[in-house]
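Trainee: I would like to learn how to read a structure feature by feature. Please take me through this one.

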Amino acid sequence: MAPPLRTTSAIATALSIALLSYLLCKKTRSKASSKKTPKTLSVKKARNGLVAAIGNTPLIRINSLSDATGCEILGKAEFLNPGGSVKDRVAVKIIEEALESGALAQGGIITEGSAGSTAISLATVAPAFGCKCHVVIPDDAAIEKSQILEALGATVERVRPVSITHKDHFVNIARRRALEANQVALKHGKGNQNEYLDVKQINGYTSDSGKQDPIFYSDCKGGFFADQFENLANFRAHYEGTGPEIWDQTGGKLDAFIAAAGTGGTVAGVSRFLKEKNANVRCFLIDPPGSGLFNKVTRGVMYTREEAEGRRLKNPFDTITEGIGINRLTENFKLAELDGAFRGTDLEAVEMSRYLLKNDGLFLGSSSAMNCVGAVRVAQALGPGHTIVTILCDSGMRHLSKFYDVGYLSKYGLMPSAVGLEFLGLK
């Protein structure tokens, strides 16, 4: 009788295995089926359009710099904004406030003088508000920035770089373009009929557009000069957005913040907010070659005795970094609360960009690289054990023709050669 018992036992075992296999296969098929059919996103998780996707960027640990300095060096990844830079925040704030005040008509033209990033952000978000964009850009800016602007539908004027005191500085031309757009709108009855649509002046500057041919069509609904350098919506974008985000993401446990300044909005908004939360947070500026802000912060004067402040007649810049460095005090920068400043060089920025690409996979633009140079300088000054935050303004995608071009760098003796961080005195 023993053989039949063994047969019965074997059959029972086989049935158990078959049942277990069936259940496992069913579970696997169920998982595969659920993967093939994506679930509908919860309304609570979805963001309402492009504008809502701006901000709340991640704060990332820059591992190589943190390990090399013994500090926690964190970068606010602003290059992940929809328009690719920190300027998306500014563009939204400027447009929202202008529409709310009536300074900008629905469907109007936003004009700006920009070396690239702010213009790209304005051109990116303007359609979301039903507006158009007209940009005046210096012709020595990376050509890909103009190409991006045109692809986004903006009208682009490339002009020769001159001092801000010159009437044909790109910012001054942009201001005139807004006045001209207002004149066309009023002539054809298309603009806002309110106190803001002044055909004679914008921010105290008188138009001389009658001396040239008009460039706007008769269906123009008026112009608004964004004025990123002096418009305090720039400061507010960072005081109300970037600063609080940094504070929340660090849990209020940070020792220092550093960034370069162009308009001054980022460094002013963030520094002021952080100082109000904790006066012990130290805030610094990193300044590129040719800029006078380092002297202003550290010595109280922007130029030498031989130069009257704000009166340089020639283009003073001697740097390949774009969007940072300036030789005048903007209304935005005046609001910054800084404990000190560091100087950075073009070669340091170039070397830093290649180091971060090689060691962290971070492909950063020139101003972001300069900010990281500053973060290391702060780490060296404070010593190990501190948490330092900086801004990763934009990626290297807008800097291919200059900052990442071998021929261009070779021409100016800026070819990177460092193996590690020896260019900043570290191994």
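Mentor: Start with burial. Buried means under 20% relative accessible area, exposed means over 50%, and partly exposed lies in between, with a 1.4 Å probe and protein chains only. By that cut-off Cys131 is buried, with a relative accessible area of 6%. Cys220 is buried as well, at 4%.

Trainee: What kind of model is this, and how are residues and side chains treated?

Mentor: This is a predicted model: local features need pLDDT of at least 70, side-chain atom pairs count only at pLDDT 80 or more, and totals for chains, interfaces and linings use all residues. Residues are numbered from 1 along each chain as its sequence is written, and side-chain values use heavy atoms, with hydrogens and water left out.

Trainee: How many helices and strands does the protein have?

Mentor: Helices (H or I, at least four residues) and strands (E, at least two) are DSSP runs, numbered from the N terminus. The protein has 13 helices and twelve strands. Of its 427 residues, 51% are buried.

Trainee: What share of the contacts joins residues 24 or more positions apart?

Mentor: Contact means heavy atoms within 4.5 Å. Take the contacts with a separation of 6 or more: residues 24 or more positions apart account for 73% of them.

Trainee: Back to the cysteines. How many disulfides are there?

Mentor: A disulfide is a pair of cysteine sulfur atoms within 2.5 Å. By this rule the count is zero. Cys131 is in no disulfide, and its nearest cysteine sulfur, that of Cys133, is 9.5 Å away.

Trainee: Now helix packing. What describes two packed helices?

Mentor: The angle between their axes and the distance between the axes. Axes are lines fitted to C-alpha atoms, for helices over the stretch in contact, and angles run from 0 to 180 degrees between N-to-C directions. Take helix H5 (residues 117-125) and helix H6 (residues 143-151). They pack at an angle of about 15°, with their axes 9 Å apart.

Trainee: How are H5 and H6 oriented to each other?

Mentor: Angles under 35 degrees count as roughly parallel, over 145 as roughly antiparallel, 65 to 115 as roughly perpendicular and the rest as oblique. H5 and H6 are therefore roughly parallel to each other.

Trainee: Is the crossing of H5 with H6 left-handed or right-handed?

Mentor: A crossing is left-handed if the near helix is turned anticlockwise from the far one by less than a right angle, and right-handed if clockwise. H5 passes H6 in a left-handed crossing.

Trainee: Which residues of H5 and H6 meet?

Mentor: On the H5 side they are Ala119, Ile120 and Ala123, and on the H6 side Lys145, Ile148 and Leu149. The residues of this contact divide into five nonpolar, no polar and one charged. The classes are these: Ala, Val, Leu, Ile, Met, Phe, Trp, Tyr, Cys and Pro count as nonpolar, Asp, Glu, Lys and Arg as charged, and the others, Gly among them, as polar.

Trainee: Where does helix H4 come in?

Mentor: The axes of helix H4 (residues 87-101) and H5 come within 8 Å and cross at roughly 55°. H4 and H5 are therefore oblique to each other. Their crossing is right-handed. Lys87, Asp88, Ala91, Val92 and Ile95 in H4 meet Ser117, Thr118, Ser121, Leu122 and Val125 in H5. This contact divides into five nonpolar, three polar and two charged residues.

Trainee: How many residues of H5 are buried?

Mentor: Nine of its nine residues, so to read it: H5 is mostly covered. What covers its buried residues includes H2, H4, strand E3 (109-113), strand E4 (132-138) and H6.

Trainee: Which loop residues have a positive phi without being glycine?

Mentor: Asn56 is one of them, with a phi of about 50°. Asn56 lies in the loop between helix H2 (49-52) and strand E1 (59-61), and is exposed, with a relative accessible area of 54%. Asp227 has a positive phi near 55°. Asp227 sits in the loop between strand E8 (223-225) and helix H8 (233-249), and counts as buried at 6% relative accessibility.

Trainee: What does Gly344 contact, leaving aside its neighbours within four places in sequence?

Mentor: Its partners are Ile286, Asp287, Pro288, Pro289 and Met370. Gly344 and Ile286 are 58 residues apart in sequence and 6.4 Å apart in space, C-alpha to C-alpha. Gly344 is found in the loop between strand E11 (340-343) and helix H11 (346-360). At 5% relative accessibility, Gly344 counts as buried.
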